[in-house]
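Work through the exercises below with the structure open. Try each task before you read its solution.

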Amino acid sequence: MVGRAFVNVNDENIPPSRNAVLATSTEMLYGQGNHAQENPKSLPVPISSPPPVLQDKPQPIAPTAIDFDNVKRALAAACAFQAMLDAQKREVAGDVQENSFPCKTEMSWYATTATDERIDEFFQKSPSVWDQANHCWVGFDNLSRLKAGADLTDIVFNIVNAVIGEWGLSNRDGDSRRVRKASDLKLYHRDELRGLINNDYSNPSLVIEAQGPSFGLPPKVTDLPGSFPPEPDAKIGFATITTCIAVQMLASQLSPQAIKQQHAVYARQFFIQQPHRRFVRTLNVTEHAVRFFHFDRSGVHDEVFLDWEDTNPYEFVRLLLGVCSLDEEGLGFDTTIAWSIDSTGRKASGTLTARDEEKNTTKEYELLSLQPLFQSSSLFGRGTVCWVVRDPETGEELLVKDCWRGERGKAEHENLAIAKGLPGVVQMISYEDYRSQTKDYGVSRYLTPEERAGRYSQEVVPSNLIQSRIVMEKYGRRVGHLMSEMDTLCTIRDAIAGHMRLVLVGKTLHSDIAASNMVMGKPGAPVGNRGILIDMDHARLLCDIPKRPDVVGHYLNVSLSVLANGTSPFMGGRIIPHDYLDDLESSFFTTLEVMCIDEGPISPPNSTPLHDWVKHWCRSSQGSCFSNKNCKEQFLLSKKASDPAKYVMPYWGKTSQHLLKRFYMFTRKIEKAKDKIRWCNDDEKAEKKLRKLLSKTRQHYSHVLYLFDQAIRELERSMRGVKRSAGEEAVQELEEEPQLVRRTRQRRG
C-alpha cells in the first residue's frame with residue numbers, strides 16, 4: 001500500500017503549489033486577513049498559513065560567461081601602460097641619478113607672494129577649505145591627519161581652486177589660471193620627428209591650465225611619414241599648463257627615486273613642449289607631506305618642504321601662488337619669446353626679441369616657425385634651442401641659438417668672433433651673454449668654482465650654468481639629410497676646408513665634428529661656402545687644449561686617439577692631446593656615417609636595412625668609452641685593412657665609395673702612427689715623432705681636400721657623360737697606401 005507524501009507548505013525550499021500561488025495573488029488584490037469575507041469564492045487556504053516568499057530566499061546564481069577577449073585586452077592595456085611608464089623613467093633615470101641636489105631649507109623665492117595677514121584673510125573667507133576652529137585644512141583633523149573617507153585629491157583641488165579664486169588668477173587681462181583634474185586626461189609627449197605621440201603620455205593628478213603669451217598648443221602636424229600614426233587632437237597638453245601636481249597616498253606611492261623620475265618625465269616634456277622654459281617646478285602631495293621639485297639645466301633640486309603636522313599652512317599657500325603665478329618669468333619662461341593664439345587655442349604667430357650686446361640695441365624678429373629648427377631633448381646640460389627668424393629690416397632669414405654653458409666654459413660668441421670672415425665657418429650677427437644664470441633661481445646653495453675646488457670640495461652642490469643667445473646667418477640642411485651625392489661631397493669638402501682655416505688662421509680647434517655640425521651653404525654659394533661648419537660650443541684655442549683624458553665630441557664620430565686618451569687611466573699608454581688630426585678623423589667617420597645610413601634624397605626612410613657592422617658601430621657609440629674604442633680599434637688598426645665600401649647604402653656610387661676607401665686609408669695611416677707614439681717607451685723620442693707628425697698640417701689637409709676634389713670632378717664628368725682623360729690619375733685601389741699629395745692649381749686652358 002502506497003501512502004501519500006506529506007508536503008509542508010511552509011518549506012521555502014520547494015516550489016509553491018498552484019493553490020499557494022493563487023492565494024498569494026488574492027492577498028495582493030484584497031489585502032491579507034480579510035479577503036475570506038469579501039471574496040467567499042476564494043480558495044480554502046488557511047489564513048494563518050503565510051504564503052511562501054521565494055524572492056526572500058537566496059537562490060543559486062548561474063555562472064556568467066566570462067568574456068576572455070575583454071580580459072585579455074584589459075591586461076594588455078595595463079601592461080602597455082606600465083611599459084610606457086617604465087620606458088619614460090628609463091629615459092631620465094641616468095640624468096636624475098647624476099644630477100640630483102637638495103634644495104635650501106628656506107623657501108625664500110616665494111616669500112613675497114603674500115603676507116601672513118593676507119593669507120589669514122583668505123582663511124577667514126574660505127570655510128570650505130580651511131577649518132578655522134581646528135586650525136587645519138578641511139578633510140584633516142585637528143592633528144593634521146587625513147580623516148577617514150576623505151579624498152586627498154579633492155582636498156588639494158579645492159585648496160588650489162580657492163587660492164586661484166581668492167587672488168584673482170582666473171581671469172586678468174587675458175591671462176588666467178585654472179586647476180584641472182588630469183588623471184583621466186592624456187598629456188601627450190612630443191618628439192622631434194613625430195610631434196605628439198598617441199601611445200606616450202602622462203596623466204598627473206592635477207594640472208594648472210594657463211592662458212597667456214607663453215602658452216598655446218602648437219600647430220597640428222599633418223605631414224607625418226606614412227609609418228607614423230596621426231597626431232592626437234589634444235585640447236590640453238604640456239604646452240598649455242604651468243605645472244603638474246601628483247597626489248598619492250603614502251601606502252600606494254612609489255619609492256622616492258621613482259617619484260623623482262616621474263617628475264623628471266614631466267619636466268622633460270615641459271622643456272620640449274615649452275622650448276623657452278628655463279626652469280620647471282612641480283609638486284608631489286601625500287597625506288603627510290608636500291615634496292617640491294625644481295628642474296633647470298643644472299639638475300633636479302628637491303626637498304620635502306611641508307609636513308602637514310609640523311608646518312603652518314602659510315608656506316603651502318605661497319607655494320601654490322608661486323606655481324600658479326601670472327608672472328610668466330617667475331614661472332621660468334623666457335619672456336622675450338611670445339605667442340599670439342588663434343581661436344582654437346593654438347599658436348598662430350610669434351616674436352623673438354634679441355639684444356645686441358656690442359651695439360647695446362634690441363631688435364624684435366618674426367618667428368618663421370612656431371617650433372624650433374633644432375632642440376636638445378636632454379633634460380640637463382646645454383639645452384640648445386635654435387629658432388628661424390626674419391630680420392624686419394633686411395627680410396633675411398637668420399638663426400637664433402639659445403644655449404647654456406658652465407661658468408668656467410668659454411662662451412661660443414668668443415669662438416665665433418675668431419671665425420669672423422672665414423669661409424666655410426658659421427658667421428655671427430650679434431650676441432647676448434649672461435641672459436640667465438641657474439644660481440639666481442635660489443633653490444640650492446651656490447659655491448664658486450674656487451670654493452668647490454677648495455675646502456667645500458666634498459659638498460654636493462650644482463654648477464652654475466649661464467644662458468647666452470646668438471643671432472647668426474642661416475644655412476641649409478645638415479649633411480646627409482635628403483642630399484644628393486654631389487651636394488653631400490661638396491658640403492663635407494668645404495666644411496673641412498673651413499676647419500683648416502679655423503686651425504691655420506684662427507689657431508682654434510673645433511673639437512666636435514659630426515654630421516649635425518656640417519650644413520649645406522646658402523643657395524648658389526661659391527666653392528668654399530658650399531658647406532659650413534657650425535656649433536662652436538666646444539671649440540678651443542690650440543694653446544688651451546689640455547694634456548689629460550678629455551673626450552670631447554659625438555661618440556659616433558670621435559677619433560680613436562681621443563677615445564684612447566679617455567681609457568688611458570685604466571689601460572695605460574701616453575696621452576696625446578686632441579689635435580686637428582683627430583678632427584680630420586671625425587670628418588672621416590662623418591662621411592662614413594652619411595654613406596652607411598643615409599639612403600639618398602629619393603628613397604623612403606629605412607627602406608634598406610643597415611649592415612650588421614654599422615649597427616655594431618652605432619651600439620658601441622651609445623655604450624662606454626671602452627666599447628667605442630674597441631670597435632674603432634678593430635676597424636682601423638686590424639692587421640688587414642677593412643673595406644668601408646661594404647657597409648654603404650646602395651645609393652652611393654663607385655666614385656663616393658672610392659673616396660671613402662682612400663679617406664679610410666689616410667685615417668688608418670694616421671692612427672697607426674699615433675698608436676706607435678702612444679706606446680713608445682722613450683718620452684723624448686715619442687715627443688719628437690708627434691711634433692714631426694703635426695708639422696705636416698697643410699699637407700694633411702691638402703691631401704684630404706684633394707681626395708674630395710677628385711671625387712667631385714668625377715661626379716661632374718659622369719653627370720655630363722665625359723670620360724676621364726688618359727693622362728689623369730686613376731683612383732687608387734684600397735690595398736695601396738695613399739701618398740700624401742700636395743694640391744696644385746691647374747691652369748685653365
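Predicted model: local features only at pLDDT ≥ 70, side-chain atom pairs only at ≥ 80, totals over all residues.

Residues are numbered from 1 along each chain as its sequence is written, and side-chain values use heavy atoms, with hydrogens and water left out.

**Exercise 1. Arg-678**

Task: Find the element that holds Arg-678, and work out which partners its side chain has.

Solution: 
- Start with the place. Arg-678 lies in helix H15, residues 654-678. Helices (H or I, at least four residues) and strands (E, at least two) are DSSP runs, numbered from the N terminus.
- Check the charge. Arg-678 is buried but has no salt bridge. Buried means under 20% relative accessible area, exposed over 50%, and partly exposed in between (1.4 Å probe, protein chains only). A salt bridge puts a side-chain nitrogen of Lys or Arg within 4 Å of a carboxyl oxygen of Asp or Glu. The nearest side chain of opposite charge belongs to Asp-675, 5.1 Å away. Here Lys and Arg count as positive, Asp and Glu as negative; His and the chain ends are not counted.

**Exercise 2. The cores**

Task: Which residues have the most contacts inside the largest nonpolar core?

Solution: 
- Recall the term. A nonpolar core is a set of buried Ala, Val, Leu, Ile, Met, Phe, Trp, Tyr and Cys residues joined through side-chain atoms within 4.5 Å.
- Read off the answer. The largest core has 61 residues, and Ile-496, Leu-592 and Phe-635 have the most contacts inside it.
- Trace the suppliers. Elements that each give at least two residues include helix H10 (485-504), helix H12 (580-597) and helix H17 (697-720).
- A second, separate one of 44 residues includes Cys-103, Phe-122, Val-247 and Leu-306.

**Exercise 3. Salt bridges across the chain**

Task: Are Asp-334 and Arg-469 buried or exposed, and where do they sit?

Solution: 
- Confirm the pair. The side chains of Asp-334 and Arg-469 form a salt bridge (3.0 Å, N to O).
- Locate both ends. Asp-334 is in the loop between helix H7 (314-323) and strand S12 (337-341), Arg-469 in strand S19 (residues 465-473), 135 residues apart.
- Apply the cut-off. Asp-334 counts as buried because its relative accessibility is 2%. Arg-469 is buried too, at 2%.
- Lys-522 and Glu-396 meet in a salt bridge of 3.4 Å, N to O. These two are 126 residues apart. Lys-522 is partly exposed at 32%, and Glu-396 is partly exposed at 32%.
- Count the total. The structure holds 37 salt bridges.

**Exercise 4. Positive phi**

Task: Where do Lys-507 and Asp-535 lie?

Solution: 
- Take Lys-507. Its phi is positive, about 55°, although it is not a glycine. Lys-507 lies in the loop between H10 and strand S20 (508-509). It is partly exposed, at 48%.
- Take Asp-535. Its phi is near 65°, also positive in a residue other than glycine. Asp-535 lies in the loop between S22 and strand S23 (540-541). At 16%, Asp-535 counts as buried.

Methods
Polar contact = N/O pair within 3.5 Å; in protein donor to acceptor, adjacent residues only side chain to side chain.
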